[in-house]
Amino acid sequence: MNCVSPKVFLVGETQIVSQGLQDYLNHVGAPEWTSDAPSDAEKLCEVMGRLCYRSFSPGLNPNVTRVREGNKPYLANIVDVGHGSVLEHAVVNFIFADVSRVVTHELVRHRAGVAISQESLRFVRLDTLSAYVPVHIRENEKGMEVFVRTLEQLEELQLELADIFKIDEEKKFDVKKKLTSAFRRIAPLGLATTIGWSCNFRTLRHVIEMRTDPHAEEEIRLLFAEVFYLVQKRYPNLFSDYEVEMVDDLPWVRTGSRKV
Ligand SMILES: Cc1cc2nc3c(=O)[nH]c(=O)nc-3n(C[C@H](O)[C@H](O)[C@H](O)COP(=O)(O)OP(=O)(O)OC[C@H]3O[C@@H](n4cnc5c(N)ncnc54)[C@H](O)[C@@H]3O)c2cc1C
């Protein structure tokens, strides 16, 4: 058995098509407009927000005599007034590896604004089992002994089933798939696996708020702590309203503008 902890890989993000944006700015009469956004994601959210009122520069819309300058104050105001739909335009793509089926089952409850691809345990046959060991178990010698013994037994049972059904000698992939799917039924809920998770920034904010809450489960808190630190650094203006309080050595990420 392998003891593992959740790993976050940021594998994709929104990119602006500069020529297309410039063509639009020429079209709307704001060819000189630029942004000090630190990332394309933040710039795109700003553009999508500003186009609503044509607030790229004063006078472009006769009703607008002054505009909010700067990406950070602009997005802070969007969050403050709750115009969360603007944040739906930009997306991020993560792969979460070595996360348990406890985590993936909780994560997929978040339906709005996400895309999910989960490692298939009908196709991927289990051999060595990996798992995150929660702190209470980790810090208790007897608890740890039970945990490891159980995982090792379940690991042996996977190999035993593979041997009973001679799956390695099976030529038909369809049969292999059915057997693999049957064997996984005795795998533990704590089994570490992989999930691809993409979301827009409105969703990302909501899920960070929900899943770093001290009432959330330990492993998913650990996962979203890592996600939070990563995205706060990379897209600072989309998370500038967040405050962090450490609870049980993990960040509780809070804001006065919850679920925009
Ligand atoms: C600490 C904690 C404990 C939990 N305990 C349990 C539990 O015991 N049992 C259990 O079953 N679940 C539990 N959950 C899961 C929880 O009930 C939600 O299903 C999960 O957090 C998904 O969040 P969401 O409902 O905001 O949906 P998301 O998909 O994240 O949606 C975001 C927002 O979009 C809106 N939205 C999304 N879908 C719809 C819709 N169909 N109609 C209208 N508006 C929509 C809502 O405003 C929603 O808040 C728990 C979650 C947490 C964080």
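Me: Which residues of α2 are buried?

Reply: Keep in mind that this is a predicted model: local features need pLDDT of at least 70, side-chain atom pairs count only at pLDDT 80 or more, and totals for chains, interfaces and linings use all residues. Residues are numbered from 1 along each chain as its sequence is written. Helices (H or I, at least four residues) and strands (E, at least two) are DSSP runs numbered from the N terminus, and a residue is buried if 20 or more other C-beta atoms, placed from the backbone, lie within 10 Å of its own, exposed if 12 or fewer, and partly exposed in between. By that count, the buried residues of α2 are A41, E42, K43, L44, C45, E46, G49 and R50.

Me: What do those buried residues of α2 pack against?

Reply: Contact here means that the C-beta atoms of two residues, placed from the backbone, lie within 7 Å. For the buried residues of α2, the partners are β2 (7–13), α3 (71–81) and α8 (201–211).

Me: How far does α2 reach from its first C-alpha to its last?

Reply: Helix α2 covers residues 40–53, which makes 14 residues.

Me: Which residue just after α2 takes a positive phi?

Reply: Most residues other than glycine have a negative phi. Just after α2, a positive phi of about 55 degrees turns up at R54.

Me: Which residues touch the most other members of the largest nonpolar core?

Reply: A nonpolar core is a set of buried Ala, Val, Leu, Ile, Met, Phe, Trp, Tyr and Cys residues joined through C-beta atoms within 7 Å. The largest one here has 46 residues. Those touching the most other members are C45, L223, F224 and V227.

Me: Which helix gives the largest share of this core?

Reply: Several elements supply at least two residues each, including α2, α3, β3 (91–100), α6 (141–164) and α9 (218–234). The largest share is eight residues, and it comes from α9.

Me: Where does this core lie relative to the two domains?

Reply: The chain is divided into domain 1 (12–88) and domain 2 (122–186), with bounds from an automatic or database domain assignment. Taken over C-alpha atoms, the centres of domain 1 and domain 2 are 51 Å apart. Both domains give residues to this core, so the core lies between them.

Me: What covers the buried residues of α9?

Reply: The buried residues of α9 include E219, R221, L223, F224 and V227. V227 touches V8, F94 and I208, leaving out residues up to four places away in sequence. For α9, the cover includes β2, β3, α4, α8 and β8.

Me: How many residues of helix α1 are buried?

Reply: Helix α1 (residues 18–28) has 11 residues, and it lies largely in the open.

Me: Is A131 buried or exposed?

Reply: A131 sits in strand β5 (residues 130–131). Leaving aside neighbours within four places in sequence, its contacts include M1, V4, S100 and L151. With 26 C-beta neighbours inside 10 Å, A131 counts as buried.

Me: What separates the C-alpha atoms of G113 and R202?

Reply: G113 is in the loop between α4 and β4 (114–118), and its 18 C-beta neighbours inside 10 Å make it partly exposed. Not counting residues up to four places away in sequence, R202 is one of the residues that G113 touches. They are 89 residues apart along the chain, and their C-alpha atoms are separated by 7.9 Å.

Me: What is the phi of D249?

Reply: D249 is in the loop between β7 (243–247) and β8 (250–254). It counts as exposed, with 9 C-beta neighbours inside 10 Å. Its phi is positive, in a residue other than glycine, and lies near 70 degrees.

Me: Which residues surround the ligand?

Reply: A residue is near a molecule if its C-beta atom, placed from the backbone, lies within 6 Å of it. By class, the shell has three nonpolar, three polar and three charged residues; Ala, Val, Leu, Ile, Met, Phe, Trp, Tyr, Cys and Pro count as nonpolar, Asp, Glu, Lys and Arg as charged, and the others, Gly among them, as polar. The surrounding residues are R109, H110, R111, A112, H206, M210, D213, H215 and A216.

Conventions. Expected span 1.5 Å × (residues − 1).
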